[in-house]
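Hi everyone, thanks for making time.

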Amino acid sequence: MNIAVATTKPAVRASTIPWYLWCAVLAVMSAYIGGYWDISWHRSIGRDSFWTAPHLAIYACGILAGISSGYLIAVATFGRAAALRDVSIRVLGFSGPAGAFLSAWGGFAMLVSAPFDDWWHNAYGLDVRIISPPHMVLAAGFFGIELGTVLLLLAFMNRSAEEARGPLQRLFLFVGGIAVSESLLLKLEYIDRSDMHSALFYIVVSLGTPFILIAIASASRQRWACTIMAGVYSAFGLAFLWILPLMPAAPKLGPVYRPVTHFIPWEFPLLLIIPAAAVDLILQRTHNWRPAVRALAAGVAFFVALVTVQWPFASFLMTPLARNRFFGAHYFDFSTPPRAMYARYLFFSREASAAQFWRGMLIAAVISFAMAWVGLHAGRAMQRVRR
C-alpha cells in the first residue's frame with residue numbers, strides 16, 4: 001500500500017476547496033470543541049445524561065468524517081472520477097485516498113466508543129480522570145480522523161496548482177493547530193498552573209508538541225507555520241476561557257464545595273506562541289543543516305523558550321492580579337476542596353529534590369530534541385504524500 005508516490009499527478013485547479021474537505025475539517029473541529037466543552041461540563045455540572053450537547057458535538061465528528069470519507073471512497077470505487085482513482089489506494093476491494101480510509105476507521109471507532117462510554121458511566125459514575133478505557137477508544141478514533149484529515153489535505157495540497165495551494169495550506173495549518181490543541185487537552189491533568197514549576201510539566205508538554213509543530217510546518221513549507229498553529233491553539237483557548245463563563249450551569253452531583261453558577265473553563269492557554277515562533281526562526285535559518293543538528297537547535301529553542309516564558313507566567317497566575325475574567329485564575333470546579341493546594345494557589349512539588357528536578361528538566365530537553373528530530377523526518381515524508 002503506497003501512499004507516497006502516485007503514477008499520475010492531477011492538479012487541483014479549482015480556487016474553491018471541495019465540500020468534503022470542509023466536512024473533514026469541521027469533523028476535527030467539532031470533536032475538539034466538544035471535548036473541551038465536555039471537560040467544562042464535568043467541572044461545572046458533573047454527570048447528568050449521555051445525551052449532552054458536548055457529547056453530541058464529539059460524536060458528530062464521527063458522522064461528519066463518515067460522510068466525507070464515505071463519499072470519497074464511493075466515488076473512487078464506483079464513480080467515473082478517473083482523476084481521483086489514479087491517486088487512490090485499494091483496501092479490501094475499495095478505492096479511495098489513504099486519508100479517507102483512516103477517517104472512516106476513526107469514525108467507526110468513535111461511534112463504537114459511545115455505548116461503551118455510556119455503560120462505563122452507568123457502572124462507575126462520574127469520570128475522575130480524562131484517561132479511561134472508553135475515552136481511549138474515543139481518542140484513538142478521533143486521532144484516526146485527525147490523521148486521516150491531515151493526509152487528505154496533504155494529498156490535495158501537494159497535487160494542487162499554485163492558485164489553489166494557498167487556501168489548502170491555510171486549512172492544513174488550521175487542522176495542525178487543532179492537533180496541537182487536542183494533544184494538550186489530553187494532558188490537562190499534568191499541565192495546570194500548580195504543575196508549571198515542576199520538571200514533569202515540561203516533560204509532558206515536550207511529549208508530542210514539538211513533533212506536531214515541526215512535522216506540520218515542514219510539510220506545509222510555510223515560513224511561520226509553527227506560530228500560526230500556536231495561534232490557533234491560543235485563539236481556541238482564549239475563546240473558551242472568555243465565552244464559557246457566560247453560560248449558566250449548576251452542579252448536579254456532590255459533594256459541592258463551591259457554589260458554581262456558570263460553566264467553568266480550563267486555564268489561560270500556555271504561552272506556546274513564543275516557543276513556536278522560536279522554532280520557526282530556527283527552521284527558516286537552517287535549511288542546509290544536517291537534520292540532527294537542525295533538530296537539536298529547534299528542540300533546544302522550543303524547550304528554552306517554553307521555560308523562559310511559562311515559568312514566570314505561572315508565578316503571575318498565582319497572584320491576585322490573575323484572578324479576573326481575562327486570565328481566569330479565579331475559576332474552580334464545584335468539587336475543588338478549599339484546602340487543596342490548587343485552590344490555595346500553591347505549586348505542587350512533583351520532584352523530591354533539586355537533583356530530581358534538574359534530571360527531569362534534562363529529560364524534557366532531550367525529549368524536545370527527539371520530538372523535533374522525528375518531526376523533521378515526518379515532515380519531509382509528508383511532502384511526498386500524493387494519495
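Let me start with a charge and a ring: the charged end of R159 lies over the ring of F156, 4.7 Å from the ring centre. By that I mean that NZ of Lys or CZ of Arg is within 6 Å of the ring centre and within 35 degrees of the ring normal.

A word on the ground rules. This is a predicted model, where local features need pLDDT of at least 70 and side-chain atom pairs count only at pLDDT 80 or more, while totals for chains, interfaces and linings use all residues. Residues are numbered from 1 along each chain as its sequence is written, and side-chain values use heavy atoms, with hydrogens and water left out.

Back to charges over rings, then. R323 places its charged end over the ring of Y345, 3.6 Å from the centre. Please keep Y345 in mind. This tyrosine belongs to the loop between α11 and α12, with helices (H or I, at least four residues) taken as DSSP runs and numbered from the N terminus. Y345 is buried at a relative accessible area of 14%; buried means under 20%, exposed over 50%, and partly exposed in between, with a 1.4 Å probe and protein chains only. Its phi is positive, about 60°, although Y345 is not a glycine.

Which other residue has a positive phi of about 65° without being a glycine? That is R221, in the loop between α8 (209–220) and α9. R221 is partly exposed, with a relative accessible area of 48%. For context, most residues other than glycine have a negative phi.

F348 also lies in the loop between α11 (291–317) and α12 (354–382). F348 counts as partly exposed at 23% relative accessibility. Its C-alpha is 7.7 Å from that of H197, 151 residues away along the chain. G107 sits in helix α4 (residues 98–124) and is buried, at 4%.

Now the aromatics. How many aromatic pairs does a search of the whole structure find? The total is 27, where rings of Phe, Tyr and Trp (its six-membered ring) pair if their centres lie within 6.5 Å, and planes under 30 degrees apart are stacked, over 60 edge-to-face and the rest tilted. One of them joins F326 and F327 edge-to-face, 4.8 Å centre to centre with 75° between the planes. Ring pairs also connect F201, Y202, F303, W311, F357 and W358 into a cluster.

A cavity here is a set of points on a 1 Å grid over the protein atoms alone where a 1.4 Å probe fits but cannot get out, and lining residues have an atom within 4 Å of a point. Of its 15 lining residues, the closest to the centre are L188, Y233, W266, E267 and P269.

Finally, the cysteines. The disulfide count is 0, with a disulfide being a pair of cysteine sulfur atoms within 2.5 Å.

Key
1 Å grid on protein atoms, 1.4 Å probe; cavity = no way out; pocket = protein on both sides within 12 Å on 5 of 7 lines; lining within 4 Å. Helix = DSSP H or I, 4+ residues; strand = E, 2+ residues; numbered from the N terminus.
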